[in-house]
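Visitor: I would like to learn how to read this model, feature by feature. Could you walk me through it?

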Amino acid sequence: MIRSEPLAIRVGAIESLSPTLRRVWLESADSGLLPASQPGAHISLTLRGEHGRHHNSYSIVSACDDRAAYQVIVRRTAQSRGGSRFIHEALKVGDVLQASTPNSQFPLQPRARKHVLIGGGVGITPLLSFVRELRGRDAHVEFHQFAQDAEIPVFERLLEPFGGHGLHVHPGREAFDLGALLDVQPLGTHLYCCGPPTLMETAQATAVALGWPSTTLHSESFAPAGGEPFVVRLGRSGGEVAVGEHESMLEALENAGLPVASLCRGGACGECLTVVLDGIPDHRDHVLSDAEKAEGRLVMPCVSRAKTPCLTLDL
Amino acid sequence: MPEQTIKSRPVYSPLQLDPGGRRHLLVADGEGVAERGLAPGTAAADFDERWTIVSHSRAIPSPDEGVSEHGFRSLPHLLAALRRRLGDERMGFRLYAVGAEPFLWTINALAGELGLGGAEIHLCAVGPQARRVFCNHCRTITEGVTTNVVTCAGCNASLFVRDHFSKRLNAFAGVQVDAESPGEIPDIEELYA
């Protein structure tokens, strides 16, 4: 992995899409060009919250070759740790933030002959960049977005630039027959899902039951980092770091001055892999295999927590 | 003699029904071949359909729905039907092939072209071991090679037949046998009968 310096970015514009959705334009603070991104990429923003600094990852929804500004869409959540609330309540045009360079753990599959996208709520964001890219390639794409009634027009407007054919916004998924959709897809179809965990689990389980191999199923979640507080004991240096209920283990380690390498901060890339010396991790990542999770020797501190009051790490 | 432990050499195991799939098609390059590539406890009848090259001019696949056994007069005949079939197939399908190695990778290439991934196709090599050999120097493929060294059908080079197999080219790599020490040709052995 080639590391790069954080970017200084300035808020160029803010648009309110709905009471809880904001679109933010982020430009280079020195008015130069930003690094190009790729479909499905995200940036991590360093944000001030009530409980200290957070690094929140947001998918880039603007065109990959638009290097003048990145657009991100941020949902204000009730259980916000402060990051999304900061964006909704405090962020102003002209503010300068620190951001990572774009990174993607959710690539389009080059061999797919058809792409089926399923989004739930703000999970539309990485899929928007997929639709843009696939329309540009004239690829075979079918997009089903699930939304609360009030937000249907919001998502319809976001999808409008890409033409209506094959793009659908549905009011909730109770009435939608996922099985019927996944039963009739041609060979070589890949499924991409982003949304609430229950939507992603249902879509994956339905596909597996219909014979889709796991290599054709792709999902991205930005798992919630909060939970019961616990203590990390540092096996090498002997110190202790308290992890609060509103912060991730990774953030607590960083705030204590331990620079654990990280990229996606969402349990998808494996960059922050850390060895566990004692205690039982509460795994929430998508990297470790079931066997590795059961063994409990490794942990992804960006999303995972502890089942025991104390977790000793090889740090 | 170059090292002959190479990861690209495909490893085959006897076939059994992939429990993840919903529709299963078994193709074989000759009569009585399919059975030789099945794991104990697996029968050809377990597969929804069996397609076999019977090398007979009167072989015609049945147009009737529900017929599970189809014969084809040749490989091109079977490939044309398979191309049509895979174009109409849906996710959940699994393809199995039993036969000589060049047959397997011809099927695999067609399946890949029509969208099947590695998890959706299962191969088992049985029968003749003769190799297709790709000349690394002139790119000619020499068919039916059974010896450790062969004369390239394109450039007449003496090629050492490596275990290095290219799935894309459906051939083993052949390299000038005396490239390091000109004139030094090892004894020719019959290895791939």
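Visitor: How many bridges join strand β13 of chain A to β14(A), and in which sense do they run, parallel or antiparallel?

Guide: The general idea is that two strands pair if DSSP finds at least two bridges between them; strands (E, at least two residues) and helices (H or I, at least four residues) are DSSP runs, numbered from the N terminus. In this predicted model, β13 (residues 230-234) of chain A is joined to β14(A) by 4 bridges, and the two run antiparallel. Val232(A) has Val241(A) in β14(A) as its bridge partner.

Visitor: Which sheet do β13 and β14 of chain A belong to?

Guide: They sit in an open sheet of 5 strands with mixed pairing, in the order β14-β13-β19-β15-β17 (chain A). Its edge strands are β14 (240-243) and β17 (298-299) of chain A, each pairing on one side only.

Visitor: What is the strand order in the parallel sheet of chain A?

Guide: That open sheet also has 5 strands, ordered β10-β9-β8-β11-β12 (chain A). β10 (167-171) and β12 (217-220) of chain A each have a single partner strand, so one side of each is left without a neighbour in the sheet. From one strand to the next, the twist averages 15°. Inside the sheet, β8 (residues 114-120) and β9 (residues 141-147) of chain A run parallel and are joined by 6 bridges. Gly119(A) has Gln145(A) in β9(A) as its bridge partner.

Visitor: Which strands does helix α5 of chain A lie across?

Guide: For the angles, axes are lines fitted to C-alpha atoms, for helices over the stretch in contact (heavy atoms within 4.5 Å), and angles run from 0 to 180 degrees between N-to-C directions. Helix α5 (residues 197-209) of chain A lies across β8, β9, β11 (189-194) and β12 of chain A, at about 175° to β12(A). Helix α3 (residues 152-159) of chain A lies across β9 and β10 of chain A, running at about 175° to β10(A).

Visitor: How many residues are in the hairpin link between β1(A) and β2(A)?

Guide: The hairpin joins these strands through 2 residues. β1(A) and β2 (residues 21-28) of chain A pair in the antiparallel sense over 8 bridges, and β1 (residues 7-18) of chain A is also joined to β6 (residues 96-99) of chain A by 4 antiparallel bridges.

Visitor: How much area do chain A and chain B bury between them?

Guide: Buried area is the accessible area (1.4 Å probe) that two parts lose on being put together, summed over both. Here it is about 1,200 Å², with 58% on carbon and sulfur atoms. Arg113(A), Leu187(A) and Pro213(A) supply 45% of the area that chain A buries against chain B, more than any other three residues. The contact takes 16 residues from chain A and 15 residues from chain B. Across the interface there are 2 salt bridges, including one between Arg90(B) and Asp183(A) (3.6 Å, N to O).

Technical notes
Residues are numbered from 1 along each chain as its sequence is written. Chains are lettered from A and ligands numbered from 1 in the order in which they are written. This is a predicted model: local features need pLDDT of at least 70, side-chain atom pairs count only at pLDDT 80 or more; totals for chains, interfaces and linings use all residues. Side-chain values use heavy atoms; hydrogens and water are left out. A salt bridge is a side-chain nitrogen of Lys or Arg within 4 Å of a carboxyl oxygen of Asp or Glu.
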